[in-house]
Amino acid sequence: MKNSIKIFAITIIQILLFTFAENATAQTSKESIKEINTSSPQSFGMLVRTEEHIKASVKTASELLKGDKFKTDHIEIIICGEAVELLKKGSPIENVLKKAIDMKVRIVACGMSMEKQNVSKESLLPGVEIESNGLIRIFELQIQGYKTVEL
């Protein structure tokens, strides 16, 4: 009987704590959205594996760099997997990639993926950089405080 009462009391306390935490988060999230523009510059990293995600990442980078919502310091898009083929000269998304490079977005090819797909350094578009391991690169960015996403 005493154990049942303890379990019930602990459950009630957990529910109350969760409820208060949710309310606090809901109240502060609206305030923090207003403060985004006044915060220090942020850096962003995106790890992508498909053509659609490359395009979406470049569009996102463009919007971030406009500065409407975030002060942006640096953006890096890391391409892994079969999508490294799209980083070659003559790619169907060459214009998209050139736009990103012109915006000073760092476009990075995963060296392991390049090796697996037999993509040579010489075949890459000018401005595309290589990191030996794209996953390790995203970890490095996270350690450096970048906001990152993997698509």
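Modeller: Side chains of opposite charge can pair when their charged atoms come close. The model here is predicted. With a cut-off of 4 Å between a Lys or Arg side-chain nitrogen and an Asp or Glu carboxyl oxygen, the count comes to eleven salt bridges.

Colleague: Which side chain does E76 meet in a salt bridge?

Modeller: E76 pairs with R106, with an N to O distance of 3.0 Å. Because E76 belongs to strand β2 (residues 72-79) and R106 to strand β3 (residues 106-110), this pair ties together parts that are 30 residues apart in sequence.

Colleague: Are E76 and R106 buried or exposed?

Modeller: Both E76 and R106 are buried.

Colleague: Which residues are linked with E76 and R106 in a network of salt bridges?

Modeller: The network links E76 and R106 with E129, E131, R137 and E140. Within the model, E131 and R137 also meet through their side chains, at 3.9 Å from N to O. The limit for a salt bridge is 4 Å, so this pair qualifies at 3.9 Å. R137 has 12% relative accessibility and therefore counts as buried, the limit being under 20%.

Colleague: How far apart are the closest N and O atoms of K88 and E85?

Modeller: In the salt bridge of K88 with E85, those atoms are 3.2 Å apart.

Colleague: How does the relative accessibility of K88 count, and how does that of E85?

Modeller: K88 counts as partly exposed because its relative accessibility is 27%. E85, at 31%, also counts as partly exposed.

Notes:
Residues numbered from 1 in each chain as written. Predicted model: local features only at pLDDT ≥ 70, side-chain atom pairs only at ≥ 80, totals over all residues. Heavy atoms only, no water. Helix = DSSP H or I, 4+ residues; strand = E, 2+ residues; numbered from the N terminus. Buried < 20%, exposed > 50% of the residue type's maximum accessible area, 1.4 Å probe, protein only.
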